Amino acid sequence: MMNDKREIGEDDLNDILLILKQKYGYDFSNYARASLSRRLDRFMDTAKLNSIYDLKYNLTNSKEFFAFFLQTVTVNVTEMFRDPVFYKTLRERVLPKLASYPIIKIWHAGCATGEEVYSMCILLHEAGLLERSKIYATDINPVNIEKARTGIISLKNMKEFTHNYIQSGGVNDFSQYYTARYENAIIKKELRKNIVFSQHNLVTDQVFNEFQLICCRNVLIYFNKVLQNNVFHLFYDSLAPMGYMALGMKESLLFTDLRFKFETVSNATKIFRRKA
Amino acid sequence: MPKSIQDIIVIGGSAGSLPAILNIVDKLPDNFVTPVVIVLHRLRNVVSDMSRILSASQPNFKIHEPEDKERIKQKHIYIAPQNYHLLIEDDKTISLDYSEAVNYSRPSIDVTFESVAHVFADKTTAILLSGANADGAEGAAVIAKAGGTVIIQDPETSDYPAMPMAALEMVRGALVKTPDEIVDFIRQKC
Ligand SMILES: C[S@@+](CC[C@H](N)C(=O)[O-])C[C@H]1O[C@@H](n2cnc3c(N)ncnc32)[C@H](O)[C@@H]1O
């Protein structure tokens, strides 16, 4: 319970960050501290560790433990058609513009377990653009990527996702997009065939292609302003001129020196466009 | 340089708390400057009118749902956006967090209260209002432990007393007040 909260102190936190960086090459030092501390507290609970010492010891000495740490420490919560109004805006204002490209390349950075990517594929399919789209979906967490590749979603969430879909302006029978099997729904394979899933760390990895649209939603909130700015540079460099960039509903361009190099397509749904 | 923020008021409310929140916000005196953070349980994925409703009642303050990494300012009232937890960083900026619900709630009052306690400690005034669950109780206890002031709405005056009662059980030294007394208390603070 939260009562026996440990509240990892500054020094311990820095020790842990150093181990992660030096031993495994993962740099979390520019993650926003408030949520990172909460994640570490939570991880200690999940891993049933009694002391910070145990955490440091295990991280230092066990690769398997680190793998477990990595898959647990990131916030992996996601939904299909989350913020329906965002998808509605994509449908109405972005996809018609993308339609003029012979090949549409889209990057979902921080795709978690894939729900956002499947939603995009459904939009593209309904706009008749899926066949000429190539969707790159990346995440730092390899377990998320593995799960995303399976196309499997818990059936119990489908009612809510269907509701979101309808609110986003979807008019088809949502159940045509998946096959129900026991407790699970599997997103139809035809919808997923143009997705490439791979691991990519926004902190350290580089530009790998040029995109007409980058979606990075609810990932930057976990970063401090310095890291946010670095990532905006990475996105800017990865966007085709006039390419689109979509953020989470409460994320903003305010803290990047590149803010004048983007124009706002929709402030309410945080869709921007790289100036030529 | 903007004035550095010293103290803060955090208000947590759930079912039945809206009248009290409106009353408090409505009666903030003009010379009141302390930033206020409001965490209110709401329905998921429903576009909310909270900031509009509150703004209508109180034109002297900037009332809004903050964006990520916004700096906390005087004369501002922040409403935790639905579907996000609201955290405070050491540099007194706001971080939003889309992690698992706590007490079936996102935003969770516990999460914000604990985070505020960490940064503002004894400079915190927490107000916990009517509600049908136990969110906020643990967070209020953390604030009390950090030396902050905890005010709990008198369960007798709460439409849903479960939340105030849960907090009363957990927080030593909490003040119990009716909505009007809460308003008086805040007015005396400035
Ligand atoms: C809350 S999820 C967002 C999922 C989805 N975009 C949405 O909005 O529903 C955050 C995701 O960001 C990923 N992430 C965190 N740090 C990252 C990094 N440095 N590079 C790439 N992905 C990262 C996490 O693993 C997690 O899957």
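When I say polar contact today, I mean a pair of N or O atoms within 3.5 Å; within protein, one must be able to donate a hydrogen and the other to accept it, and residues adjacent in sequence count only if both atoms are side-chain atoms.

Okay, some housekeeping. This is a predicted model, so please remember that local features need pLDDT of at least 70 and side-chain atom pairs count only at pLDDT 80 or more, while totals for chains, interfaces and linings use all residues. Residues are numbered from 1 along each chain as its sequence is written, chains are lettered from A and ligands numbered from 1 in the order in which they are written, and side-chain values use heavy atoms, with hydrogens and water left out.

So, what holds on to the ligand? The side chain of T78(A) puts an N or O atom 2.6 Å from a ligand oxygen. Over at E116(A), a side-chain N or O atom is 2.7 Å from a ligand nitrogen. R217(A) uses its backbone instead: an N or O atom there lies 2.9 Å from a nitrogen of the ligand. Taken alone the ligand exposes 600 Å², and the protein buries 99% of that (Shrake-Rupley areas, 1.4 Å probe).

We have 23 residues around the ligand, and the closest include Y31(A), D139(A) and N201(A); "around" here is a heavy atom within 4 Å. They come from chains A and B, so the site is shared between chains.

And where does the ligand sit? In the largest cavity, meaning more than half of its atoms lie within 2 Å of the cavity's grid points. A cavity, on a 1 Å grid over the protein atoms alone, is a set of points where a 1.4 Å probe fits but cannot get out, and lining residues have an atom within 4 Å of a point. The volume is about 470 Å³, counted as the space filled by probe spheres set on the points. Of the 31 lining residues, those nearest the centre include V75(A), N218(A) and Y222(A). Helix α2 of chain A, residues 33-46, gives the largest share of that lining, 3 residues; helices here are DSSP runs of H or I, at least four residues, and strands are E runs of at least two.

R106(B) and P107(B) are joined by a cis peptide bond, omega about 10°, and P107(B) is in the loop between β6 and α3 of chain B. Y182(A) has a positive phi, near 50°, in the loop between β4 and β5 of chain A.

Key: 1 Å grid on protein atoms, 1.4 Å probe; cavity = no way out; pocket = protein on both sides within 12 Å on 5 of 7 lines; lining within 4 Å.
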